[in-house]
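Colleague: Could you take me through this one slowly? I am still learning how to read a fold.

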Amino acid sequence: MEYTNVSIPAFEPTPLETIPAIASAARGAFRSHRTKSLQWRQVQLRKFYWAVEDYKPQLLAALQKDLHKSTFESLLTEIDWLKKDCIFMLDHLESFAKDEKLGSPAVPAVYSIMKMRVRKDPVGTVLIIGPYNFPVQLLLAPFIGAIGAGCTAVVKPSELTPACAMVIKEMIEKRLDNDAFAVVNGGIPETTALMNEKWDKVFFTGSATVGKIIARKAAETLTPVVLELGGKNPAFVTKKANLALAARRLLWGKTLNAGQVCLSQNYILVDKDVVTTFIEHLKQAYREMFPNGAKASPDFARVVNQRHFFRLKKMLDDTKGKIVMGGAMDESELFIEPTAVLVNSVNDSMMQEESFGPIFSIYPVNSLDEALNIANLVHRTPLSLFSFGSKAENERILNEMTSGGATVNDSYFHATLNTVPFGGVGDSGWGAYRGKASFDCFTHFRTIAEPPSWAESLMRVRYMPYDLSRLSM
Ligand code: NAD
């Protein structure tokens, strides 16, 4: 579908000198305490839901303009995704926000009369920084968590997807509480100016390189950060796998959004006895998905910009491996065909970098032992892992290799359901969100103790002058 009638304003970075006032307004709105009322949060969430619905044409047009995303993918992975997250938060908000009663120790007896609970306080004013690959969803799904938790927030979309950034700015600022929520547009100078402000939490999704810059800066003011980063994700295909199914599902994982997905597999470790058959199934799946080739398909997205196009091209130019599927490119369209490269060394350019595009390697292995050794060598804590084998093999893979999340027998599912937490581990990320985790991520779990005043005679034992014999009470 073409969206030629929808007009999107030209990209305008937020003036640097206005950023302190924007942050200050968000902090002021938090200090007004209005965000603590559940009713206020529910109203903002409902407004957000309808804003996403009403701005659907602009969002679809912007996603097509920035990434050549098809309507199907934009609805599935961005717009409907957010609407589902928003409804989930609205449906569960009261129960998430309710105080939790805690038990008190039975001994000594005096403790058993304490009333203990955990209050769910919003952490405060938060900054959310988004990446370019799912420029709407990855910025605004955490934002839903922040609204639900009762925080105020400033969001910073990726400047690499300028049309989306402008639509998001208009949508949030026209529809939601204007002091509590704001959008700052821009790249490094604007993000640096934002990081010079004091936040109660920073939620960053993007590369590990920039994640380190954000974490380092946040450490100066002891600001907690959530980092959702990337990694070199492995897939395992053993002799016992359903090879046709594995090939189709893994190919989907590398063609959705032209493989610009933090979760998608970077490389597939395939038992050498079945590698030829696996590649045949991969080619068959390619023909079924793209009967006229990926370039002619209205469904296949493009690489976001020239920098990323040439980065991916270099990975392919430098490989010592053999291209067994795809390989076509067209710079004028930023098109790179879904491409599989057969490699035999962890030092190959295709194994050394996160591809974050429609290219991936296939690495034949002699055994599951060898596959696990290679995967642990390439990246010990990737964001995700996909295993296609027998039940026992899949369990062994989960046991002997860590990852932020994993899907057995398919691609992506551990990260697509809106009821379950998603996040990395080690250097692929700190913290998680989605489902209840989105609420928890922006919540301070505050323990409250209420010792009754009537129990003073029992509680006097702690006062000086101390008497050791009273400790046995
Ligand atoms: P990026 O790190 O280049 O940019 C992310 C954000 O940081 C953008 O908003 C950008 O404006 C800002 N930024 C860039 N350079 C900066 C600097 N020097 N100082 C301050 N801010 C800066 O990431 P990207 O290219 O947009 O996204 C791709 C990367 O993100 C991949 O590594 C991918 O794996 C990862 N990613 C992770 C997840 C996840 O959920 N774990 C999701 C999507 C993408």
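This is a predicted model: local features need pLDDT of at least 70, side-chain atom pairs count only at pLDDT 80 or more; totals for chains, interfaces and linings use all residues.

Colleague: Okay, what does the record list for residues 17-448?

Modeller: For residues 17-448, UniProt lists "domain: Aldehyde dehydrogenase", and the entry is an unreviewed one. In the model that span is 44% helix and 20% strand, and its end C-alpha atoms lie 41 Å apart.

Colleague: In what order do the strands of the open sheet come?

Modeller: The order is S10-S13-S14-S9-S8-S15-S16, which makes 7 strands with mixed pairing. At the edges sit strand S10 (322-325) and strand S16 (405-408), each of which pairs on one side only. On average, neighbouring strands of this sheet are turned by 25 degrees against each other, if direction is ignored.

Colleague: And how many bridges join S10 to S13?

Modeller: There are 3 bridges between S10 and strand S13 (residues 339-342), and these two strands run antiparallel. As one of the pairs, Ile323 has Val341 in S13 as its bridge partner.

Colleague: Which helix packs on the sheet and touches S10?

Modeller: That is helix H10 (residues 275-289), which touches S8, S9, S10, S13 and S14 and whose direction makes about 55 degrees with that of S10. Helix H9 (residues 243-255) lies across strands S8, S9, S14 and S15, running at about 165 degrees to S9.

Colleague: Is H9 largely enclosed or largely open?

Modeller: H9 is largely enclosed by the rest of the structure, because 10 of its 13 residues are buried. Among them are Leu243, Leu250, Leu251 and also Arg248, Arg249 and Lys254. What covers the buried residues of H9 includes S8, S9, H10, S14 and S15. After H9 comes Asn257, with a positive phi near 50 degrees.

Colleague: Switching to H1, which of its residues are buried?

Modeller: The buried residues in H1 are Ile19, Ala23, Ala26, Ala29 and Phe30. They cover an arc of only 120 degrees around the axis, so they lie on the same side of H1. An α-helix has 3.6 residues a turn, so residues three or four places apart point the same way. On the other side of H1, Ala21 and Arg31 are exposed.

Colleague: What do those buried residues of H1 pack against?

Modeller: They pack against strand S3 (125-129), strand S4 (152-156), strand S5 (181-183) and helix H7 (188-195).

Colleague: How far apart are the end C-alpha atoms of H1?

Modeller: They are 19 Å apart, which agrees with the 18 Å that its 13 residues should span at 1.5 Å a residue. Just after H1, His33 takes a positive phi of about 70 degrees.

Notes
Residues are numbered from 1 along each chain as its sequence is written. Two strands pair if DSSP finds at least two bridges between them. Helices (H or I, at least four residues) and strands (E, at least two) are DSSP runs, numbered from the N terminus. Axes are lines fitted to C-alpha atoms, for helices over the stretch in contact, and angles run from 0 to 180 degrees between N-to-C directions. Two residues are in contact if their C-beta atoms, placed from the backbone, lie within 7 Å. UniProt positions are given in the numbering used here, feature names are shortened, and annotations may be inferred rather than shown by experiment. The expected span of a helix is 1.5 Å times one less than its number of residues. A residue is buried if 20 or more other C-beta atoms lie within 10 Å of its own, exposed if 12 or fewer, and partly exposed in between; C-beta atoms are placed from the backbone. The arc is that of the directions from the helix axis to the C-beta atoms.
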